[in-house]
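Please look through the sequence and the three-dimensional structure shown here before reading on.

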Amino acid sequence: MSAILRMSRVYAPTLKEDPSDADIASAKLLVRAGMIRKEAAGLYTFMPLGMRVLHKIQRIIREEMDSHGGQEVFMPFVQNADLWRESGRWDVYGEEMLRLTDRHENEFCLGPTHEEVITDLVKNELRSYKELPQNLYQIQLKFRDERRPRFGLLRSREFIMKDAYSFDADQEGLDESYLQMREAYSNMFSRMGFEYRIVQADSGEIGGSGSEEFMALAETGECQLVYCDCGYAADTEIGACTPAPVEYPAESLTRIETPGVHTIAELAEFLGCEEAATAKAFSGVGNDGTIWVLFVPGNYEVNEAKAKGIIPGFRPLTDEEMVEAKLVKGSMGPVGLPAGVKVAADTSLQAISRWVVGANVDGFHYTGAKLGEDFRVDAWADLCVAKVGDPCPVCGKPTQGARGIEVGQIFKLGTKYSESMGATFMGEDGKEKPFIMGCYGVGVSRTLAAAVEQSHDENGIVWPVPIAPAHVCVIPLVVKDDLVQPAAEDIARELDALGLEVAIDDRKERAGVKFADADLIGWPVQVVVGKRGLEAGTVEVKVRRTGEKMDIPREELSRVVDLLK
Ligand code: ATP
Ligand code: MG
């Protein structure tokens, strides 16, 4: 028999006020409900009630991983720098990696991810195609020294991740391993009660041939998604774009004075044209130091993630760097750029023969700048951020929009790590081959917070039943009397015997305090035991999600089970 949770003994200090440094509902409510505490920026403690939720999430994850071919391992959190040198990532990972040195002057890092450690683990020991496939996973801490830790557990520095790595002999094997994980993830997020979407993702910096993200839908999500009824869904950073720029009528290259015009909106108004008839400029620099100016139709934004695809290491120029490079903010154009500056443009602009652009002089623009004559373009690519309402790249219907929290991501890695670290196996043909790898991550602590983002109201958290800290909280309206208190204890025991997880709020608090805390903590069902009800032979039951209240005859207590379905 499971233990009944006695709230008089549970360490769960609740707060009436929002913590002043919490910036998002989940961060406020999890702290107020006594489930987590912030230790320092991006560092959190899970308290007993928070742990209960965490354990439930982890149990569901483990069940789905285990039934889809995963085997649990536990790797070190502190990782040897030499492994990262082997893969070539020690020098490129950047400032998110926290590095340390031990007493013997050996270098280490706090693991931001575990590709290197797992590849090293199988290297030399997983030897034959006969032993493949393998899928190893762990639930572990990660540390990423995020530039801006924020949104509580959603973007912390130390966080819990479930990470899995698959090893296959060939591409078909990887495709199958990937599908298994896709199904495991779909099952786990459904079982946790999430409303989520699977979106196409950038496999960008990790490299590889395919990737999808699992997005919990929530207004506060950091990701803007576009999706379509046909099944297409993508992050706007990734989503393919097919803008339809408009030709501005101009016969020849004409320099016009545009005093005070610095934005596309101002330019379009000045010329009396649509924004789509102008070209928007954006400057940046790549790893090799080359400065680029990127152009997209005026009604779109430049997509830095896509720019990285054609310009390795692309980042925007700072204002000072722009001045240094003799670029004129608000008036950049492809005609007469300083020597050495390269031009990239969105493919859609190929359809426009004469562009409306900045003149590289403050207060002046060109109309009629002719592609191929007045200027040339060094690189063409899809460079726009997708917009809600754009035609769906699959079926052409206008896309819809939603915001999402990335709770998981699955990747087909290929041979990036097995090749660089020399992890090979003996193929059926007797030849040594690098493993074909996949990697699969779930943000476990982020998932907990995402559940709260998706499911709360002004009074507190509304836990989905499968991950609630307990199913039902029994609330005696008075304690230490000889009627209500013993009856509440009996009811708690009866509910427990029905197989439910039960808490009883046996604290010496006023009824109002208990009601407020029960709503705040978010137990799916509250059973209120009072003198008047007992005399009439009933208890009052409240369903947290709907707020619905009903009197249930004592002998029909098993109806609570149905309310939890
Ligand atoms: P993001 O784009 O949000 O920074 P990521 O794509 O870098 O995340 P992955 O490397 O894909 O993250 O890690 C797997 C999962 O770990 C993510 O899907 C996310 O749920 C979780 N995660 C990543 N960074 C954090 C963080 N700072 N705090 C909490 N969870 C995180
Ligand atoms: Mg990711």
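## A buried strand and its partners

Strand β11 is joined by eight bridges to strand β22 (residues 400–414), and the two run antiparallel. Helices (H or I, at least four residues) and strands (E, at least two) are DSSP runs, numbered from the N terminus, and two strands count as paired if DSSP finds at least two bridges between them. Strands of a sheet pair through backbone hydrogen bonds, either parallel or antiparallel. Strand β10 (residues 196–200) also pairs with β11 in the antiparallel sense, over five bridges. F214 shows both pairings, for its bridge partner in β22 is G408, while F214 is itself the bridge partner in β11 of I198.

Because eight of the eight residues of β11 (residues 210–217) are buried, this strand is largely enclosed by the rest of the structure. Buried here means under 20% relative accessible area, exposed means over 50%, and partly exposed lies in between (1.4 Å probe, protein chains only). In a regular strand the side chains alternate between the two faces of the sheet. In β11, G210, E212, F214 and A216 point one way, whereas S211, E213, M215 and L217 point the other way, and all are buried.

## How the model should be read

This is a predicted model, in which local features need pLDDT of at least 70 and side-chain atom pairs count only at pLDDT 80 or more, while totals for chains, interfaces and linings use all residues. Residues are numbered from 1 along each chain as its sequence is written, chains are lettered from A and ligands numbered from 1 in the order in which they are written, and side-chain values use heavy atoms, with hydrogens and water left out.

## A three-stranded sheet

An open sheet of three strands has the order β5-β7-β6, with antiparallel pairing. Its edge strands are β5 (78–80) and β6 (99–101), each of which pairs on one side only. From one strand to the next the twist averages 40°. Three bridges join β6 to the antiparallel strand β7 (residues 107–110), and R99 stands opposite C109 in β7.

## Helix α2 and two helices packed against it

Two packed helices are described by the angle between their axes and the distance between the axes. Axes are lines fitted to C-alpha atoms, for helices over the stretch in contact, and angles run from 0 to 180 degrees between N-to-C directions. Helix α2 (residues 48–66) and helix α10 (residues 444–454) pack at an angle of about 115°, with their axes 10 Å apart. This makes α2 roughly perpendicular to α10, where angles under 35 degrees count as roughly parallel, over 145 as roughly antiparallel, 65 to 115 as roughly perpendicular and the rest as oblique. The contact (heavy atoms within 4.5 Å) is made by G50, V53, L54, I57, Q58 and I61 of α2 and by V444, T447 and L448 of α10.

The axes of α2 and helix α5 (residues 171–191) come within 9 Å and cross at roughly 150°, and these two helices are therefore roughly antiparallel to each other. Here I60, I61, E63, E64 and M65 in α2 meet M181, A184, Y185, N187, M188 and R191 in α5. H55 also lies in α2, and at 46% relative accessibility H55 counts as partly exposed.

How many disulfides does a search of the whole structure find? The search finds zero disulfides, a disulfide being a pair of cysteine sulfur atoms within 2.5 Å. C241 is in no disulfide, and the nearest cysteine sulfur, that of C384, is 5.1 Å away. C241 counts as buried at 10% relative accessibility, and C384 counts as buried at 0%.

V474 has its place in strand β28 (residues 472–476) and is buried, with a relative accessible area of 0%. If its neighbours within four places in sequence are left aside, V474 is in contact with residues including A488, I491, L495, V502, I504 and V529. V474 and L495 are 21 residues apart in sequence and 9.2 Å apart in space, C-alpha to C-alpha.

In helix α12 (residues 511–521), V513, K514, D517, A518, D519, L520 and I521 are buried. These buried residues pack against several elements, among them α1 (25–32), α2, β28 and β30 (525–529). α12 is followed by G522, whose phi is positive, near 90°.
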